[in-house]
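Please read them alongside the sequence and the coordinates.

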Amino acid sequence: MAMNAIIPIRMKFSRVFLLLFALLSLIGCSKKEAAITDLNALSGGKTFAAPTGTVIDQFVLKRFPDAKIEYFNSALDCALAVKGGKADACVYDLPVLKNIVAQHEGLTILPELIVGDRYGFAVQLSDTALKRTIDGVLAELKADGTYDDMMKRWFPDRGKPAPMPDIPLTGSNGVLRFGTAAVTEPMAFVDANRKVVGFDIEFATYVARKLDKKLDVTDMEFGAMLPALIAGKVDMIGAGLSITEERAKRILYSESYYPSGIAVVVKAGASPAPVKGPAKMRVVDDISDKRIGVLVGSVYDTYATRKYPNAQILQYANVSDLLIALNMDKIDVLYYDQASVPDVLKTNPGIGQLAKDVFSIPIGAGFNSDNDALREQFNAFLKEIRANGVYDDMVSRWMKKGIMEMPDIGAANPKGVLRAGVVNDMGMPFGLIHDGKLIGFDIELSSRFAAYAGRAYEPVPLQFGSLIASISTNKIDIITASMFITEEREKMIDFGDPYYESGVSLIARKDHIEKAPATLMATADDLAGKKIGVFTGTVHDAFVQKKYPTAEIYRYESSADMILSVETGKIDAALFDSITAKLLMKRNSGMGLLSENILNMPLGVGFSKSNPGLRNEFNDFLREIRADGTCAAMTARWFTSDAEEAVMPKFPTFSAGRRLVAGVSIDDLPYVAYMDDDYAGFDIEMIRSFAQHKGFKLEFVTMEFPALISALAAGKVDLITDGIAISEERKKQIDFSDSYADFRTAVVVAKKNLAQFAGSEAARQARKPFFKWVADSFYSNIILENRYRLIIDGLKLTLLISIFAALLGTILGGLICYMRMSRNRILSGFAAAYISLLRGTPVLVLLMIIYYIVFASVNISPSIVAVFAFGLNFAAYVSEMFRTSIQSVDKGQKEAGIAGGFTMLKTFVYIISPQALRHLLPVYKGEFISLVKMTSIVGYIAVQDLTKASDIIRSRTFDAFFPLIMAAVLYLLIAWLLTWALSTIEITVDPKHRKIKRLPEANR
Amino acid sequence: MIHVRNLSKHFGDLVVLKDVSVDISKGEVISVIGPSGTGKSTFLRCLNLLETPTGGSIEIDGIPLLAKGTHVPKVRQKMGMVFQSFNLYHHLTAIENLTIGPIRLLGRNKADAQKKGMELLKLVGLGKKADSFPDELSGGQQQRVAIARCMAMDPEILLFDEPTSALDPTMVSEVLAVIRRLVREGMTMVIVTHEMEFARNISRRVFYMDEGIIYEEGTPVQVFDNPQKEKTRAFIHRIRSLEQRITGTDYDLYALQAEMEAFCDKHMLPKKVTGHVVHMAEELLLLQRDFTNIRLSLSYSEKDGSLAIGCESAGAPRNPLEEGSEEDEIAIRLIKARCSATEYRYEDGKNVLMLRMKGE
């Protein structure tokens, strides 16, 4: 034993040593290797990796005569050699190395080049027109920012080049034949889709577009490019082609479009330690020492610089870069326009809002200081749209609803053009490209203004930083780019009246935002934005939707589920009837009341619209009991004093007289509850008293609260009562009696979330010892108020429904199977339709249809309806089982029977069915058990089965655990019993088993 | 006893039986032989209406089976049927298989039925297997129980649908012995079978079925020893043949020889014989002059093991074995040495040469 224990420990030690050793040697290594940061550090016999078959080694040796050159097959192999420590530096063309470094960590390019070089496109010597076009395109691309985009696209800091954009070429003017050697990523290469792409290809596409030509790219050997051009096979070549004097004698070069050269890649030095520790941010001022991202030249820039001198302010050219930087953890936080925040949060799940309304600035349209006329026109325009509601509509569409649609705007006969400077990647709601169209609030505003001014609208997309320069030089007429009105800017340009006032938010990566503790609730108004639980189909539902539109509504069927959700924090608050809520407080020390009365509604008894007589009778009765003081006594008993202690007065039951069916849902005291094996509560007493007065034979039917009104409408019940509030909406469907009580709504929340209990010990619930808790639960859920009788009755009903449904279903299934297998087309078609219909309908829906629609006007016990519905459903499944098990019997068996003189029927009875039964039973057993479990939904049509019984108990004890577990155990027991019974039958029909049984007889 | 008139049966467009008319008298034992797929089983299954005929009439013991109002199950009780795949009732023991019919259909009491059943089981030699389930019995035993099951109904006619086809060769004889015993007891029987010796020994008449009709019928001696028609003969002698065609001088000799070898392998001829066949064919082709249309046939009788090579060729009359040039001399001698008989005739513009190979 001892030995066994020691060995693993020693093993562990040796592992620790190994680890330490590895760590030490690592430290040693990093100390020894000083990071190379400039070219001069490479002199003194360093090893250079160069690709074979190039002249690069010559350049290296010219610069470093003592260099050792190692040759590799490709530039990538060279770079990997550096990474793996086999060489100190790797030399090759700059763009290729940039590409490699972007895709491989731990490498860096030295800023200084060994030798400079310029790339150019080339055309035939005589083709000066094309050369001029190329140079023109280059200038244009550089001017409008496309060139920068290309650089970003093809030379990303990290990762592979982005895919080539799709540039449509209409090409009505012939074809531009472009020759390239697609071997140099990222200048010209073959991508994953086997398309030739790259910087040069994109450029050539722009040239073709300029010429209004189609582009025909020919991929050839590098060495074949020049001859092909000279021979006139292609019009233009380019593939990272260096401009050399020698070549310039034979071909005509464009201006250089890319400054290249032979660059050096070395191992990156130890990456600089992260600027700041991962201190999380909670409030706005936590950003004072963080990396803050801002748009260059934006108001945030100045604001942040002034307010947080210790912070590192990082300027970016556009919003998308800012967001990428935030996502990549290059910056900690960034200022963002509040109106656009929801859109950003939606598309960037990792980003959260740290704070909003950090500051607020007016947004205005910018004008050239010399252009007062236009500005005044704009101000007039703004006044007009504010007055006629267009502005409100715009705000509602863009800012509130986030609808990404532009209305169609345009002046009828435009005179002149309005050039509006816009930023097309601002994002929702101001300005963005959506489905290839420029849309947004700013865009709509400026285009509306253009229409107002009777001018044609021409949006000019610019970088934010160049807006002011553009307007100052009259390149554009107006700026509508969510530009904040600031003093600095006002010095340079004029602003129109502010057209929007925008708040500014701070957004940051969620993992950098420290969750503020859930805010405590003090008043009912704090419910806004919270998760609120209500009963399905109650007035609370509509009330919360109306009063707290920002709240999330959770709908529950039972008070037990709802209170459990409050306890476990699934919801923040739950709405209960105030009396129920008080009872609930008593049993649940962790709960507190946020408000006792947020809604006050009269309660009434519901009657069918077609039965005004009964309603009038009831109203008479109400007046009577109000007059004689009975009502006051009831109110005192159920509402004023503790309803739990209340004792129902005894009522004689009438076996004769008119039948009166009352629908209730057993929500809880004080209205309707189930205590001591009988209905109890204010409503029950009231209805019983009413029945006694008028000589009715009274029956109660229990169903889910949402089903009450439909049951009444379907004529299943004569009246419904269970603390039902009289609402306008319900009045449309049913008639109400006069109000018999007022229904006040209380808000229940966990004490720990209540301001008034903040910090108090009571908020923390004391845990009972486990066994004590089980014993208590057992007592309160089973013994108290004779609740076990509910369970037993429910169990009986579950069993009865299951067994009769199975019987009916089996018989019906046999019939359906017979029809299905019949040669008669009509019969088999009907059976097939029946099967697919019933199998395709959820049994709950079927159950409700049969109860509320098919038998709407028939007075039939819901239990029988349940047997019927489950039987129908079971039949569909069983008939198919019958069919497959019959078909699984060998055809020869039937033939033998028929040939032996049996009729078809006798063959089936004596020969086929005993064999089919053996195939059938195992599957039948499974289906039967699922039928038993399926019956748990009968509560929907007012049957108190096992599940409903446990629901009723839960509604009284608010204990979710015990009744549910008990129900589960009981279902398990039933299933086990039925399995056992069917298995016994299965064994008896097995012929082998009969033989075993017979053997002892034979031996005797 | 059984009168069949113009019986026909179609499965869709496929004609299986056409206008079959047959009379079978009491106590007769009829064997139905013929190649597979020629309607033997269908004919048998029509007799008890397991297949409903498309046309014609069937009369059993004076009762018209296809007439309306005939209670067919009652008639079937008098006609037992034994299946190729036995079809014993799987859920019943051997004795129960025998008693279920008498008890449920003939209204016998259980004790009587069991007594009779046990007697029958003993008769087929399976007295000890009474309580066994079908899947505990061998094929031969199952088939014997199946025969006993038919007998338990006291039938007047027994129909056998290839009763030994699904059996191991070792079990065939036990079943045939039981059938022979029933023959001796004078039962009317129709037997579809591939056991030729058995059919010859027990039956009074033999039907050779082919092309959906009774192609030839007669006593076993007539049918087996002196069949009148070509197809019957081929069937009786169990002649297998291979035909090859050559339509030009550039034929593929090797493919041809390979096919011949495959044919010989299939019929398990000795390697030496195969060699001779291939060699002979080659020599024979060497003697040919006109290759525009040559039909080469190889036939082998499974019954007596004789082999023959036939060669039909177009062109002017010319017996290659007689009118060969000098170079052909060796080939002709080789061929003659290997053959027991050669036959030449000129027919319909074709030279027909038949070579019978010597036996080993």
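Predicted model: local features only at pLDDT ≥ 70, side-chain atom pairs only at ≥ 80, totals over all residues.

1. I begin with Asp61(B), which is partly exposed at a relative accessible area of 44%, where buried means under 20% relative accessible area, exposed over 50% and partly exposed in between, with a 1.4 Å probe and protein chains only. Asp61(B) is located in the loop that runs between strand S4 (55-60) and strand S5 (63-64) of chain B, and, although not a glycine, Asp61(B) has a positive phi of about 50°. Helices (H or I, at least four residues) and strands (E, at least two) are DSSP runs numbered from the N terminus.

2. Residues are numbered from 1 along each chain as its sequence is written, chains are lettered from A and ligands numbered from 1 in the order in which they are written, and side-chain values use heavy atoms, with hydrogens and water left out.

3. Asn87(B) sits in the loop between strand S6 (79-82) and helix H3 (94-105) of chain B, and with 4% relative accessibility it counts as buried.

4. Helix H1 (residues 40-47) of chain B is mostly covered, with 7 of its 8 residues buried. The buried residues of H1(B) are Lys40(B), Thr42(B), Phe43(B), Leu44(B), Arg45(B), Cys46(B) and Leu47(B). Just after H1(B), Leu49(B) adopts a positive phi of about 60°.

5. For chain B as a whole, the secondary structure consists of 12 helices and 15 strands, and 53% of the 360 residues are buried. Taking contact to mean heavy atoms within 4.5 Å, residues 24 or more positions apart supply 64% of the chain B contacts that have a separation of 6 or more.

6. How do the axes of helix H5 (residues 139-151) and helix H6 (residues 169-184) of chain B cross? They come within 8 Å and cross at roughly 20°, the axes being lines fitted to C-alpha atoms, for helices over the stretch in contact, with angles running from 0 to 180 degrees between N-to-C directions. That angle makes H5(B) roughly parallel to H6(B), given that angles under 35 degrees count as roughly parallel, over 145 as roughly antiparallel, 65 to 115 as roughly perpendicular and the rest as oblique. The crossing is right-handed, a term used if the near helix is turned clockwise from the far one by less than a right angle, and left-handed if anticlockwise. The contact involves, among others, Arg144(B), Ile147(B) and Met151(B) of H5(B) and Val175(B), Val178(B) and Leu182(B) of H6(B). By class, this contact has 7 nonpolar, 4 polar and 2 charged residues, where Ala, Val, Leu, Ile, Met, Phe, Trp, Tyr, Cys and Pro count as nonpolar, Asp, Glu, Lys and Arg as charged, and the others, Gly among them, as polar.

7. Glu243(B) belongs to strand S11 (residues 239-246) of chain B and is partly exposed, with a relative accessible area of 47%. Not counting residues up to four places away in sequence, Glu243(B) touches Arg295(B), Leu296(B) and Ser297(B). The side chains of Glu243(B) and Arg295(B) are joined by a polar contact of 3.0 Å, that is, a pair of N or O atoms within 3.5 Å, of which, within protein, one must be able to donate a hydrogen and the other to accept it, residues adjacent in sequence counting only if both atoms are side-chain atoms.

8. In chain A, which has 35 helices and 38 strands, buried residues make up 48% of the 1004 residues. Helix H28 (residues 825-839) and helix H30 (residues 862-887) of chain A have axes that come within 9 Å and cross at roughly 120°, which makes H28(A) oblique to H30(A). Their crossing is left-handed.

9. Asn99(A), in helix H4 (residues 94-103) of chain A, is buried at a relative accessible area of 7%. Leaving aside neighbours within four places in sequence, Asn99(A) contacts Trp154(A), Pro161(A), Glu185(A) and Pro186(A).
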